[in-house]
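The structure is shown first.

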Amino acid sequence: MSAPAGWEAVIGLEVHCELRTATKLFCGCRNEFGAEPNTHVCPVCLGLPGSLPVLSTAAVELAMRIGLALHCEVRPSVFHRKNYFYPDMPKDYQVSQYDEPINVAGYLDLPDGSRVGVERAHIEEDTGKTSHVGDTGRIHGAGYALVDYNRAGVPLVEIVSEPGITSATQARLYASELRAILVASGASDGRMEEGSMRVDANVSVRRVGDLELGTRCEVKNLNSLRSLSRAVDHEIGRQVAIVEGGGRVEQQTRHWDEDRGCTVTLRSKEEAYDYRYFPEPDLVPLAPDAAWVEDVRSSLGPMPADRRRAVVALFGAGGASDARADQVATVVELGLDHLVVAAAGAGIEPALALARTANEAAADAAAAREVDPAAYTALLQMEQRQELSATQAKAVLAELVTGGGAPVEIARRMGFEALAAGSLAEVVAAVVAEHPGEWERFCGGEAKLAGFFTGHVMRRTEGKANGKAVAAELAKLQG
Amino acid sequence: MPARITREETAHVARLARLDLTDDELDRYAPQLAGVLDHAAQVAAVDTAATPPTAHPFPLRNVLRADVPVPSLDRQVVLAEAPAVEDGRFRVPRIIGEAP
């Protein structure tokens with residue numbers, strides 16, 4: 001949706017992305033989701049006296065990958081302390097990059113042809129996880145809180161867009177394309193549900209033609225692409241209603257309530273934080289030299305937009321239909337497009353390769369990414385040559401994805417050996433002979449009885465018969 | 001010489017540091033803080049036009065560490081230092097407001 005007639009929305013997104021490193025940003029504690037609370041903590045990430053942070057090479061490299069994938073300039077940068085009182089950081093400050101971030105002035109091209117500027121993409125550390133307990137269970141009115149510092153100090157890159165997004169639809173497109181790029185660059189697993197990618201939206205509205213920006217509100221707690229577009233739409237509507245009703249939008253931070261489908265006030269400008277940023281004295285400046293930057297740049301593979309084009313190109317001059325566009329987007333986003341390209345290159349129908357990958361392989365994408373493309377292609381060849389029915393091929397595919405191995409072997413193990421044509425003919429003939437009444441009606445034109453005969457043949461062959469081959473045998477008997 | 005810090009600014013800084021100052025204390029501390037800042041402000045009088053900004057006293061850059069995990073602390077040891085613990089986590093007083 002876009003803004004109501006006569007209005008335009010001005011939207012900027014801040015996306016926090018957890019980096020896929022083995023360790024935290026400044027210490028050797030593991031960066032791992034889902035561990036027992038407070039088992040990945042040490043003097044550095046707990047902010048104990050006398051401890052000193054040391055920056056992780058891998059985090060810097062992934063930050064550069066993100067910056068370069070977003071066409072940013074990689075610059076010398078320094079770290080600052082952002083001071084605040086909140087128990088999610090045991091140090092009472094968060095180390096972040098303030099006025100000299102590592103990546104600046106990039107952009108992101110969206111599938112709809114629009115371009116959104118990227119102001120900066122800087123490195124910072126994540127905070128711990130607080131759980132509010134007691135009373136209502138919500139933030140407001142909680143009795144007390146429990147804190148797990150496993151996440152405190154996990155490396156993040158915050159990607160700040162320019163306020164150049166104009167609708168909820170475009171905001172969603174930006175976030176989804178950015179997620180695909182974060183995954184493709186190897187920086188993140190892009191899992192919003194696990195919080196490894198988090199989005200905040202800055203939204204303001206103004207009458208079409210106005211040059212001055214309206215007062216903006218920041219909306220937090222957007223845990224899915226759906227929440228993002230719903231929240232932005234709601235916020236645009238709320239602000240337009242206020243101004244049209246003669247009121248003024250107050251600068252606020254608002255919290256998206258997914259269940260109620262609305263944003264609620266979290267704090268107003270008067271309560272805005274004064275973070276007292278100052279240079280982190282325990283860390284020296286970061287200044288990757290040109291050789292390192294070029295090294296990282298040259299190691300970046302093709303980005304999602306190019307990879308989508310490569311899959312679409314398999315379908316020839318007509319390209320992929322709109323219906324297939326979603327499947328193409330899916331296989332690229334899940335990092336499975338190489339399977340489609342490999343299979344199609346070996347003579348598999350692109351439509352079959354795309355469908356099996358976007359539907360079946362995608363069900364366990366993490367495992368599917370590890371599948372040997374040659375084995376995958378071999379399986380699709382068996383299906384294309386009708387040595388396996390569609391149902392059997394899907395079953396073998398599931399096995400191939402979870403356990404690997406040769407598709408021929410898996411099919412044999414699962415009892416999916418194709419019946420020899422001769423023995424299939426015998427079984428079909430026997431089934432026909434046992435059901436003379438049905439056979440007469442079938443021959444008389446009751447085509448749906450084909451299913452009846454096929455069912456019997458399947459049962460007798462324990463599912464090994466190929467449906468299409470049975471149909472051919474039936475047709476032969478009909479003469 | 002920059003303008004002297006006001007009583008209001010002193011109150012703001014105190015609030016940021018979660019210091020609960022009485023009116024008397026503010027009257028006493030505001031001029032003292034201003035004196036400290038005046039002293040530090042002498043640096044501003046030095047002509048630094050030809051001096052590049054310094055981010056760190058040491059001429060070092062890119063102090064980095066390999067991305068190799070090392071053992072973390074024993075949780076029992078960690079939590080033993082906390083005033084209150086529940087469920088393997090630090091128990092803290094009710095939080096007012098959202099995370100920054």
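Q: How many helices and strands does the secondary structure of chain A come to?
A: The model is a predicted one. In chain A, both kinds of element are present, and the count comes to 16 helices and 15 strands.

Q: What are the dimensions of the box that the C-alpha atoms of chain A fill?
A: The box is taken along the principal axes of the chain. Along these axes, the C-alpha atoms of chain A fill roughly 90 × 55 × 50 Å.

Q: What percentage of the residues in chain A is buried?
A: A residue counts as buried when its relative accessible area is under 20%. Chain A has 479 residues, and the buried share of them is 51%.

Q: Among contacts in chain A between residues at least 6 apart in sequence, what share joins residues at least 24 apart?
A: The contacts considered are those in chain A between residues at least 6 apart in sequence. Of these, the share that joins residues at least 24 apart is 69%.

Q: Which residues named Leu are in contact with A:Tyr174, leaving aside its neighbours within four places in sequence?
A: The contacts of A:Tyr174 beyond those neighbours include A:Val15, A:Val116, A:Ile159 and A:Ser161.

Q: Are helices α7 and α8 of chain A roughly parallel or roughly antiparallel to each other?
A: The axes of helix α7 (residues 337–345) of chain A and helix α8 (residues 350–360) of chain A come within 9 Å and cross at roughly 155°. Angles over 145 degrees count as roughly antiparallel. Therefore α7(A) and α8(A) are roughly antiparallel.

Q: How many charged residues does the contact of α7(A) with α8(A) have?
A: From α7(A), the contact is made by A:Leu339, A:Val340 and A:Ala343, and from α8(A) by A:Ala353, A:Leu354 and A:Thr357. By class, 5 of the residues are nonpolar and 1 is polar, and the number of charged residues is none.

Q: Is B:Gly35 buried, exposed or partly exposed?
A: B:Gly35 is found in helix α2 (residues 23–41) of chain B. Buried means under 20% relative accessible area and exposed over 50%. The relative accessibility of B:Gly35 is 31%, so B:Gly35 counts as partly exposed.

Definitions and conventions: Residues are numbered from 1 along each chain as its sequence is written. Chains are lettered from A and ligands numbered from 1 in the order in which they are written. This is a predicted model: local features need pLDDT of at least 70, side-chain atom pairs count only at pLDDT 80 or more; totals for chains, interfaces and linings use all residues. Side-chain values use heavy atoms; hydrogens and water are left out. Contact means heavy atoms within 4.5 Å. Axes are lines fitted to C-alpha atoms, for helices over the stretch in contact, and angles run from 0 to 180 degrees between N-to-C directions. Helices (H or I, at least four residues) and strands (E, at least two) are DSSP runs, numbered from the N terminus. Angles under 35 degrees count as roughly parallel, over 145 as roughly antiparallel, 65 to 115 as roughly perpendicular and the rest as oblique. Ala, Val, Leu, Ile, Met, Phe, Trp, Tyr, Cys and Pro count as nonpolar, Asp, Glu, Lys and Arg as charged, and the others, Gly among them, as polar. Buried means under 20% relative accessible area, exposed over 50%, partly exposed in between (1.4 Å probe, protein chains only).
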